[in-house]
Amino acid sequence: MSRNTHTRRRPGRRAAVAVGLVLAVGLGVSTQGAAHAAVAAPAKASVKASAAVRSVSGFNGDVVTQVADFYGAYVDAKDDVSGPDTVLAKALRAHYLTPAFAKRLETWEKRNKTDGVLRAQNVPAQWTVSEGGNGLEVVVTLTFGGAGESPTRTTTLVVKLDPVDGITDIRTTSVAAAKASAAVRSVSGRAGDSVTQVADFYGAYVDAKDDVSGPDTVLVKALRAHYLTPAFAKRLEAWEERNKVDGVLRAQNVPVDWTVSGDGESREIVVTHRFGGGESPTVTTNLVVEADSVDGVTDIRTTSAR
């Protein structure tokens, strides 16, 4: 995803708290030094991606990022292996949709007997979120079928949103999204892919923690319940009690932007957080997230901070 100019939603809340960042060992089986040695190559790969390494980036408060976070996590919730995660789906809709639009969408769904967010009764195999014709509209392309299934169907949606209030409209369109280029930023994901899932988790988690009216604790809880394995969630809570800091972000504040990188095959995925942006100080942390596309996240550990 190219880094062209993007809209910031809440520029003042992150300015003075980067100093609260905490570097800590992971909850796994090794020391921080051993963990750093084990993941040195993937961490470098996240900065200079090869053909085998895929990266997903996000910017706090950016409209393309927000819609990608919403759709990615929503697809994960609807496509859960044990059946739709209705708790997470409900929490996501409550967070990202304005109350007025949420009410209209429910009416539309009752009338059309289909999911109004996806405009379908099933979930897409792939999705892409791209910049639209203006700064408040984003194009969402959903591809159904895929993976050799037949037929393959593509639906293109236009999502309208207010950077502060949330999504105010979703409508289908026959106009295809512009091809990705240096001038058109986009975020893509695949259902069931571990890199996509970790990016969905972290993107939506940052949005929930940095809500304009204060942390959305309902969404935070639903995201952790969905993406973290029960055993790891319990260990993470114990770690947080000892360290007095958020164990998912390894910080007391939220990052300005982040990158999630991996080859889609390894269980270890690199998450890079940047705190502060153009503010001072600027802090970067590298995390390694161990995840299985079926079971979920089994460990998070810090490898470096600067």
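Student: Quick overview first. How many helices and strands does the chain have?
Tutor: The secondary structure comes to eight helices and 10 strands. The model is predicted, so keep that in mind.

Student: And how much of the chain is buried?
Tutor: Buried residues make up 53% of the 306 residues.

Student: What share of the contacts join residues at least 24 apart?
Tutor: It's 60%, counting contacts between residues at least 6 apart in sequence.

Student: On to the sheet. What's the strand order?
Tutor: β5-β4-β3-β2-β6. These five strands form an open sheet, and the pairing is antiparallel.

Student: Which strands stand at the edges?
Tutor: β5 (166–172) and β6 (186–190). Each has a single partner strand, so one side of each has no neighbour in the sheet.

Student: What about the twist?
Tutor: From one strand to the next, the twist averages 20 degrees.

Student: Zoom in on β2 and β3. How many bridges join them?
Tutor: Six. β2 covers residues 126–131 and β3 covers residues 137–144, and the two run antiparallel.

Student: Which residue of β3 does Trp127 stand opposite?
Tutor: Leu142.

Student: Which helix lies across these strands?
Tutor: α3, residues 63–78. Helix α3 lies across β2, β3, β4 (153–162), β5 and β6. Its angle to β2 is about 165 degrees.

Student: How does α3 meet α6?
Tutor: The axes of α3 and α6 (residues 194–209) come within 8 Å. They cross at roughly 120 degrees. The two helices are therefore oblique to each other.

Student: Left-handed or right-handed crossing?
Tutor: The crossing of α3 and α6 is left-handed.

Student: Which residues make that contact?
Tutor: From α3, you have Gln66, Asp69, Gly72, Ala73 and Asp76. From α6, the residues are Gln197, Asp200, Gly203, Ala204 and Asp207.

Student: What's the make-up by class?
Tutor: Two nonpolar, four polar and four charged residues.

Student: Change of topic: α4. Which of its residues are buried?
Tutor: Helix α4 runs over residues 86–96. Its buried residues are Leu88, Ala89, Ala91, Leu92, Arg93, His95 and Tyr96.

Student: What covers them?
Tutor: The cover over α4's buried residues includes α3, α5 (99–112), β5, α6 and α7 (217–227).

Terms used
Residues numbered from 1 in each chain as written. Predicted model: local features only at pLDDT ≥ 70, side-chain atom pairs only at ≥ 80, totals over all residues. Heavy atoms only, no water. Pairing = 2+ DSSP bridges. Helix = DSSP H or I, 4+ residues; strand = E, 2+ residues; numbered from the N terminus. Axes fitted to C-alpha atoms, helices over the stretch in contact; angles between N-to-C directions. Contact = heavy atoms within 4.5 Å. Parallel < 35°, antiparallel > 145°, perpendicular 65-115°, else oblique. Left-handed = near helix turned anticlockwise from the far one by under 90°. Nonpolar A, V, L, I, M, F, W, Y, C, P; charged D, E, K, R; others polar. Buried < 20%, exposed > 50% of the residue type's maximum accessible area, 1.4 Å probe, protein only.
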